[in-house]
Amino acid sequence: EKTLRLILGDQLNRQHSWFKKKQDAAVYLMMELRQETDYVQHHIQKVLAFFQSMRLFAQWLEKEGHKVIYLSIEQKENRQELEQNIRYLIKREDFKQFNYILPDEYRLDRQIRNICKQLEIETKSFDAEHFLSDRLAVKSFFSGKKTFLMELFYHSMREKYDILMDGNKPAGGKWNFDQENRNKFDEKIMVPSAPVFNRDLSDLLHTIRKAGIKTIGEVDPKNFQWPCCREEALELLAHFCDNLLPHFGRYQDAMHSQHPFLFHSKLSFALNSKMLHPLEVIRKAAACREKNPDKYGIAQVEGFIRQILGWREFMRGVYWAKMPDFATMNFFGHKRPLPAFFWDGKTKMNCLHHAIKQSLDHAYAHHIQRLMVTGNFALLAGLDPDEVDQWYLGIYVDAIEWVEITNTRGMSQFADGGIVGTKPYVSSANYIDKMSNYCGDCHYAKTKKTGDKACPFNSLYWSFYERNRDKLENNPRIGFVYNTLSKMKQKDEILEQAERYLKDLDEL
Ligand code: FAD
Ligand code: SF4
């Protein structure tokens with residue numbers, strides 16, 4: 001029977017069973033939609049990466065002999081919205097069945113299920129064949145628990161997939177080498193640059209601009225850095241394994257003003273668009289260590305695998321366990337709007353300046369920049385988690401709600417009140433200085449808590465705890481903070497300093 005099969009922009013999985021053999025009755029539908037470009041303001045590199053990858057995926061399908069309908073953004077017959085396009089095509093081509101792959105976003109999942117309810121033809125959903133755990137795996141793993149501990153879930157995943165295991169024990173005698181992931185970057189070490197994909201996206205950029213899509217950030221269309229097909233994604237993976245993985249764990253948390261990527265893989269877009277399968281990435285990293293344990297230390301490889309086999313799967317599970325409630329959680333009741341410098345990087349705080357500027361330039365910041373610079377500031381300053389989410393969801397090339405919101409609202413903003421983490425990730429200048437070279441060139445003084453040029457993180461840190469005493473004081477992992485606070489001689493001055501900063505965040 002003539003079947004319309006929908007492929008969403010983040011479902012570019014060539015290994016999916018749909019494509020294993022040619023099916024004459026199946027027509028694959030891919031669409032560039034204003035619905036998707038406009039639900040939040042995205043970075044221009046993100047829109048380009050998705051559209052270009054979708055276009056190349058459609059070309060690949062056709063080359064493999066599959067039938068494809070591709071609605072590009074500028075096409076007149078494109079209604080720019082999922083339901084209207086689907087209805088229009090079913091009528092036009094007289095489809096008898098509608099198939100779709102289960103979406104990863106709650107919003108799309110609900111929308112497509114509603115569409116299916118209304119359609120008069122038969123509908124069927126298929127698994128994405130991408131993740132290593134079911135949507136509800138985390139929910140059942142932690143059934144009855146308030147806090148979900150990533151670490152426990154991660155152990156079970158290591159065992160399930162037999163990754164870095166010596167029999168039934170973790171390789172190297174420990175599950176987690178987190179303690180060895182905390183080095184400051186050593187400037188004597190050369191950071192190899194990522195492969196360049198010879199791709200000129202000027203025409204596509206022109207099309208996007210002409211369509212009037214509002215975006216943020218910068219791009220050099222002649223020098224596009226994100227992989228847009230499986231071949232490029234594999235090239236990036238090979239580059240990572242050969243050159244970066246040997247240092248990955250050690251410098252995982254380091255930040256440097258001259259090195260936006262350091263030893264990070266930049267694979268998140270390729271993974272989230274499903275050009276790469278998580279297990280192939282994990283197995284390749286594990287195989288490096290098996291072949292050459294001297295070059296690939298356990299702490300380096302485990303640190304990387306934990307991110308994908310642990311965090312990535314865990315966050316997806318938290319998302320499906322807690323949505324839709326998760327999207328509106330605001331444990332601290334934070335309401336302050338985002339200061340303007342989030343959109344242009346113009347702040348005297350050097351750490352924020354670099355983290356934001358590189359996000360605008362590259363649609364990228366690595367984990368610690370997202371968590372301990374921008375996220376840390378947002379939480380200390382009491383910024384509205386809705387606005388914080390919108391910013392993260394727009395600006396990063398890898399931002400798709402299931403992994404953005406769990407990291408942002410959960411891990412970073414503690415707006416979930418402690419589902420993802422056991423305590424808020426906040427710090428004063430001390431941590432930022434320990435992990436980066438930002439403080440040396442800063443307008444503010446990293447050691448000062450009060451007075452002229454005192455680093456804002458130092459007073460905001462204590463004022464955050466003071467403001468939220470009723471919510472945090474009884475947390476056993478935080479009690480020590482309140483002990484220190486009660487003994488502080490300068491307490492009132494510090495809190496006053498914070499108030500002054502909070503009154504006009506745009507001035508910082
Ligand atoms: P690497 O450091 O090389 O790590 C390898 C891979 O591990 C990544 O590609 C990613 O797939 C996975 N990974 C690492 N950390 C996490 C994590 N905490 N959760 C899930 N997967 C992880 N990641 C996204 O993919 N999309 C997002 O929208 C996103 N938003 C974030 C928001 C905040 C506030 C924070 C703190 C983190 C966020 N992350 C997000 C997680 C992480 O920062 C990115 O996955 C990572 O920076 C991507 O760069 P990379 O590929 O070079 O990662
Ligand atoms: Fe950031 Fe404070 Fe360091 Fe400046 S001194 S870079 S504001 S932590």
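Q: How many residues surround ligand 1, and which are the closest?

A: In this predicted model, ligand 1 is surrounded by 27 residues, and the closest of these are His264, Ser265, Ser268, Gln307 and Glu404. The elements that give two or more residues to this shell are the helices H9 (268–272), H11 (298–322), H14 (367–380) and H16 (401–412).

Q: Which element gives the largest share of the shell around ligand 1, and how do the residues of that shell divide into nonpolar, polar and charged?

A: The largest share comes from H16, with six residues. By residue class, the shell around ligand 1 holds 11 nonpolar and 11 polar residues, together with five charged ones.

Q: Which residues come nearest to ligand 2, and which elements give two or more residues to its shell?

A: The shell around ligand 2 has 13 residues, of which Met349, Cys351, Cys439, Cys442 and Cys455 come nearest. Two helices give two or more residues to this shell, namely H13 (350–362) and H17 (429–435), and H17 gives the most, with three residues.

Q: How should I read the packing of two helices, and at what angle do H10 and H11 pack?

A: Two packed helices are described by the angle between their axes and by the distance between those axes. Here H10, which covers residues 278–291, packs against H11 at an angle of about 165°, and the axes are 10 Å apart. Angles over 145 degrees count as roughly antiparallel, and H10 and H11 are therefore roughly antiparallel to each other.

Q: What is the handedness of the crossing of H10 and H11, and which residues make the contact?

A: The crossing of H10 and H11 is left-handed. On the H10 side the contact is made by Pro278, Val281, Ile282, Ala285, Ala286, Cys288 and Arg289, while H11 contributes Ile298, Val301, Phe304, Ile305, Ile308, Leu309 and Arg312. The residues of this contact divide into 12 nonpolar and two charged, with no polar ones.

Q: How many helices and strands are there in the protein, and how does its radius of gyration stand against the globule rule?

A: The protein has 21 helices and seven strands. Its radius of gyration is 24 Å, close to the 23 Å that the globule rule gives for 508 residues, so the protein is as compact as a globular protein of that length. Taken along the principal axes, the C-alpha atoms fill a box of roughly 80 × 50 × 50 Å.

Methods
Residues are numbered from 1 along each chain as its sequence is written. Chains are lettered from A and ligands numbered from 1 in the order in which they are written. This is a predicted model: local features need pLDDT of at least 70, side-chain atom pairs count only at pLDDT 80 or more; totals for chains, interfaces and linings use all residues. A residue is near a molecule or strand if its C-beta atom, placed from the backbone, lies within 6 Å of it. Helices (H or I, at least four residues) and strands (E, at least two) are DSSP runs, numbered from the N terminus. Ala, Val, Leu, Ile, Met, Phe, Trp, Tyr, Cys and Pro count as nonpolar, Asp, Glu, Lys and Arg as charged, and the others, Gly among them, as polar. Axes are lines fitted to C-alpha atoms, for helices over the stretch in contact, and angles run from 0 to 180 degrees between N-to-C directions. Angles under 35 degrees count as roughly parallel, over 145 as roughly antiparallel, 65 to 115 as roughly perpendicular and the rest as oblique. A crossing is left-handed if the near helix is turned anticlockwise from the far one by less than a right angle, and right-handed if clockwise. Two residues are in contact if their C-beta atoms, placed from the backbone, lie within 7 Å. The radius of gyration is taken over C-alpha atoms; the globule rule is 2.2 Å times the number of residues to the power 0.38.
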